[in-house]
Number of protein chains: 2
Amino acid sequence: MTSRTPAGETPTGVVRADGLRSPVGHADVPARPGREIPEATVARLPVYLRALTALVDGGTATCSSEELAGAAGVNSAKLRKDLSYLGSYGTRGVGYDVDYLRYQIAREIGLTHDWPVVIVGIGNLGHALANYSGFRSRGFRVVALLDAATTRHEELVAGLEVRPFDELEDIVGTQSVAIGVIATPAVAAQDVADRMVAAGITSILNFAPTVLSVPDGVDVRKVDLSIELQILAYHEQRKTGQLPTEGASA
Amino acid sequence: MTSRTPAGETPTGVVRADGLRSPVGHADVPARPGREIPEATVARLPVYLRALTALVDGGTATCSSEELAGAAGVNSAKLRKDLSYLGSYGTRGVGYDVDYLRYQIAREIGLTHDWPVVIVGIGNLGHALANYSGFRSRGFRVVALLDAATTRHEELVAGLEVRPFDELEDIVGTQSVAIGVIATPAVAAQDVADRMVAAGITSILNFAPTVLSVPDGVDVRKVDLSIELQILAYHEQRKTGQLPTEGASA
DNA sequence: AGGAGTTTGTGAACGGGAGAACAAACTGAG
DNA sequence: CTCAGTTTGTTCTCCCGTTCACAAACTCCT
């Protein structure tokens, strides 16, 4: 729902009409034409994954869609529909095998791979990102921390040495990095993105408060700290301005 | 409206660097009954605001919907429709007065107010948030940094002293804080949220990777660093042709 | 084995947002 | 004043996502 390629969106027949390997029997469902998972569903899969991991840690072996939906904070019907895009991994009358479903989701997202990641801009936020355990624990491996400021070079952050930004191309090339994280000030972000794209990166997570323009085929997702706060402020203002209820959000 | 500002609260010359001034006799709350702004539009208003600020800084006085849409990275039709929810602030055949529109959007979001904010959890991320200039420049004023760990107390972060978490209720009460930011580990997040709600906070920005449950009337927005990366990984996996259901490519 | 109870997976209705297209309104020149 | 050119505001249509509701499928108890 956020920004993929602004206007690009060329649905060049990536239709993959492969025969969705049905578990047992029931091959009559004609292989869902082009098993394409809706964007909204993709955005929720990581949430389910986390909920499932929590259940595994809690020792739960199976769970119903109702339970899992509760843990994930969504409607159970939505959860079931989301999961149905992946296949039929549940058992009617029983529920889902927690560990099995967790693996299936992880595989679908691609977390069974190892994803090397570079982080550019090692300020406060870059520090936090480099130390964030949620990356490493999900198959994302920070292979390099880059910063343009020479004063930061050789500083040790999260066990990694901060390197000059100029080493970007070399690192991306030799380590096959596909994902880059931008945590620089806004003014530098577009330049960094250009360099990243030129070096071969095709997915960018942008924390800089600016709109990046990238060629088609490159995905950009934006995380904007202050925008979220502004959205809250809007609703807060409405609340205190005592507008008629109109059903609060969940 | 008690303005007992903590001792160290001296923003480094960036108090409202946005230069937002209200025209004469502005109304505090838009209070536009019958006008309900769609959630998707609300989420884009901050983006427009930022683009407009950039235009102002660039010396542009007026702009067309096409220009502004370009700067914001959206479709011009969408932009016009979004703005139409606020009112008719443009001039046909001419465009929008950049400064005027900027003020109207800021007012609609509520950024003409001063929003005191508390941040709980002063780890790596909390540091980054406390130092993030994007908050202060948009009317958000960090009034307190709280952490449960006594080892962090009295540490100076962004000019503010880190205080014990137990002071939450007092600070929220005396400073009329409505917005809280959670940057704690996941296990602590729900407890912090409960305390925040009990103390009177009605909007929470949650950076902890967990689902918070709060009573009706309390808004929660979640920012999850690793989820965004996982979404990118999903698309990346698709691009490289390594489909999850192993190469069943036609 | 058979029936009652549970839970998944999915077809269908529903609501909201995106984008195209156009009428209304403004500017400026002749 | 009139007309051509420009740009907004709005309407209309389409599509995606959410939700409901129910048949299919499985377990358990008798």
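**Notebook: the A–B interface and DNA strand D**

I began with the two protein chains: 70 residues of chain A and 74 residues of chain B take part in the contact, where contact means heavy atoms within 4.5 Å. I note that this is a predicted model, in which local features need pLDDT of at least 70 and side-chain atom pairs count only at pLDDT 80 or more, while totals for chains, interfaces and linings use all residues. Residues are numbered from 1 along each chain as its sequence is written, chains are lettered from A and ligands numbered from 1 in the order in which they are written, and side-chain values use heavy atoms, with hydrogens and water left out.

**Entry 1: chain A against chain B**

I looked up the buried area, that is, the accessible area (1.4 Å probe) that two parts lose on being put together, summed over both. Between chain A and chain B it is about 6600 Å², and carbon and sulfur atoms give 62% of this. I found that A:Leu229, A:Gln230 and A:Gln237 supply 10% of the area that chain A buries against chain B, more than any other three residues.

I then searched for salt bridges (a side-chain nitrogen of Lys or Arg within 4 Å of a carboxyl oxygen of Asp or Glu). The rule finds nine across this interface. One that I inspected joins A:Arg50 to B:Asp224, with the closest N and O atoms 2.3 Å apart.

On the side of chain A that touches chain B, helix α9 (residues 225-240) gives the most, with 15 residues. Helices here are DSSP runs of H or I with at least four residues, strands are runs of E with at least two, and both are numbered from the N terminus. By class, I recorded 35 nonpolar, 16 polar and 19 charged residues on that side of chain A; Ala, Val, Leu, Ile, Met, Phe, Trp, Tyr, Cys and Pro count as nonpolar, Asp, Glu, Lys and Arg as charged, and the others, Gly among them, as polar.

**Entry 2: DNA strand D**

I counted a residue as near the strand if one of its heavy atoms lies within 4 Å of it. Of the 28 residues around DNA strand D, A:Arg44, A:Arg92, B:Ser65, B:Arg92 and B:Tyr96 come nearest.

An N or O atom in the side chain of A:Arg44 is 2.7 Å from a phosphate oxygen of DNA strand D.

Definitions and conventions
Polar contact = N/O pair within 3.5 Å; in protein donor to acceptor, adjacent residues only side chain to side chain.
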